Amino acid sequence: HYHIIKWNLFEVDNYILLHRIHTFVKQYDGTTLRKIRYEPKLPKHSNKQMCQILKRESEQVFRTHLFYYGRKYKPTDEYETTLVTQLSLDRLHTFHLLINHWDGPISITMYGTDAQAWNLTQFLSENGINRMNMAIHIVYKQGKFYPVNYLRNIALNAVSTPYVFLNDGDFLPSFGLFSYLKKANKVLMTGSEKRALVIPAFNGEEGFTYPKDKADLQEMLQEGSVRMFCVWCAHQTHGPTNYSVWEKTSFPYRVEWAFHFEPYVVVRSDVVRYDQRFVGYGWNKVSQITELKAQGYEFVVLPDVFIIHSPHQHSADSEIWKRKNFRFCINTIWKNFIQELLQKYGVDCLKEYKNPPTIINIKI
């Protein structure tokens with residue numbers, strides 16, 4: 001029930017009551033009065049029920065505030081790259097680190113409540129963040145799962161540069177990457193419509209110091225404070241990048257795609273969009289990379305640059321992955337997605353090859 005309260009600010013008891021009401025209401029999101037206020041946590045569901053929930057979540061309409069901060073960027077160079085990413089609004093520290101590592105244009109979608117969006121406004125002001133080449137879009141929290149591919153598509157659709165670097169918000173780019181990519185795009189992307197430039201990904205241990213360059217990173221790899229990303233999961237996710245070649249070469253090199261390969265890439269901004277059926281955890285980014293392979297893309301690893309994953313706590317969605325019914329449903333969506341690709345692009349579109357990396361004799 002909602003009550004109208006009359007108060008006098010000079011009365012202490014009423015002031016305390018007002019403060020409590022203000023604190024409570026600040027936590028509301030903008031959909032509070034349009035839905036049941038307290039949603040139960042996910043109870044145990046049958047596979048069928050969970051699959052229905054995932055379908056409903058992927059089809060829902062989100063309140064979306066485009067250009068909450070910033071405006072459409074006007075490119076000054078035909079080889080410019082926009083960093084495209086997404087992040088939850090409770091990771092503002094990570095956001096601050098990210099924008100300090102990338103001086104080029106940014107299009108980022110952030111996900112959270114109205115109160116968290118207000119905190120973002122204060123955060124930008126308090127930290128003196130005033131960039132003319134950054135656009136922040138807000139998607140307001142709704143539903144049970146993190147709509148990761150919807151967030152990515154919002155940021156991607158707002159880009160105006162010819163190239164995009166498809167990154168996740170908790171990966172910090174090597175210093176100078178924006179300028180480096182201008183040269184790389186000029187020599188490697190001109191006339192190559194179906195090419196993806198791979199930025200090797202690494203994982204930083206808690207408290208690590210970010211390396212100045214590749215030589216510094218190689219020392220940290222020897223020390224163990226940095227390691228290849230995702231060594232704890234399937235080798236296919238980043239293994240095809242072939243880190244042993246990357247450590248030794250100063251030239252770009254082609255690598256073969258493999259199932260589950262999900263590198264962070266630079267591509268043309270008209271790249272195929274992410275499939276929004278994938279919500280929560282699992283198959284969301286790899287689905288786009290797989291479709292690039294189906295379209296005939298080749299993957300070229302850049303030799304002198306990198307990104308490093310900044311340590312953080314596991315998300316709630318990664319915990320839901322442990323539930324068998326969730327994995328059953330998201331794996332069903334994945335299998336259907338693969339069948340759709342085979343029907344659309346041909347039965348051989350996802351054929352794997354075992355050729356070794358091929359050096360491209362071009363110095364960037």
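Is Cys51 buried, partly exposed or exposed? Cys51 is partly exposed, with a relative accessible area of 26%. For these words, buried means under 20% relative accessible area, exposed means over 50%, and partly exposed is in between, using a 1.4 Å probe and protein chains only.

Before going on, a word on what you're looking at. This is a predicted model, in which local features need pLDDT of at least 70 and side-chain atom pairs count only at pLDDT 80 or more, while totals for chains, interfaces and linings use all residues. Residues are numbered from 1 along each chain as its sequence is written, and side-chain values use heavy atoms, with hydrogens and water left out.

Back to Cys51. Its partner is Cys329, and the two form a disulfide with sulfur atoms 2.2 Å apart; a disulfide here is a pair of cysteine sulfur atoms within 2.5 Å. The structure holds one disulfide. Cys51 sits in helix α2 (residues 47-59) and Cys329 in helix α11 (residues 324-345), so the pair ties together parts that are 278 residues apart in sequence. Helices (H or I, at least four residues) and strands (E, at least two) are DSSP runs, numbered from the N terminus. The torsion about the S-S bond of Cys51 and Cys329 is about -95 degrees, so this disulfide is left-handed. Cys329 counts as buried, at 1% relative accessibility. Cys349 is buried too, at 9%.

Now for the sheet. Ten strands make an open sheet with mixed pairing, in the order β1-β4-β3-β2-β5-β11-β7-β12-β10-β14. Two strands pair if DSSP finds at least two bridges between them. At the edges stand β1 (64-69) and β14 (358-359), each with a single partner strand, so one side of each is left without a neighbour in the sheet. For β14, look at strand β10 (residues 253-255): two bridges join β10 to β14, and the two run antiparallel. There, Arg254 stands opposite Thr358 of β14.

Further along that order is β7 (residues 195-199), where you'll find Ala196. Ala196 is buried, at 0% relative accessibility. What does Ala196 touch, leaving aside its neighbours within four places in sequence? Its contacts (heavy atoms within 4.5 Å) are Val265, Val266, Val267, Tyr297, Glu298, Phe299 and Val300. Ala196 and Arg268 are 72 residues apart in sequence, yet 8.2 Å apart in space, C-alpha to C-alpha.

Next comes strand β8 (residues 201-204), with both faces covered: Ala201 and Asn203 on one side, and Phe202 and Gly204 on the other, are all buried. Three bridges join β8 to strand β13 (residues 307-309), running parallel, and the bridge partner of Phe202 in β13 is Ile308. Three bridges also join β8 to strand β9 (residues 226-228), this time running antiparallel, with Asn203 partnered by Arg227 in β9.

Last stop: the second largest pocket, which holds about 270 Å³ of space. On a 1 Å grid over the protein atoms alone, a pocket is an open set of points where a 1.4 Å probe fits, with protein on both sides within 12 Å along at least five of seven lines, and lining residues have an atom within 4 Å of a point. Grid points are joined across faces, edges and corners, and the volume is the space filled by probe spheres set on the points. The lining has 15 residues, and His93, Thr94, Leu97, Ser310 and Pro311 lie nearest the centre. Helix α3 (residues 92-101) gives the most to this lining, with four residues.
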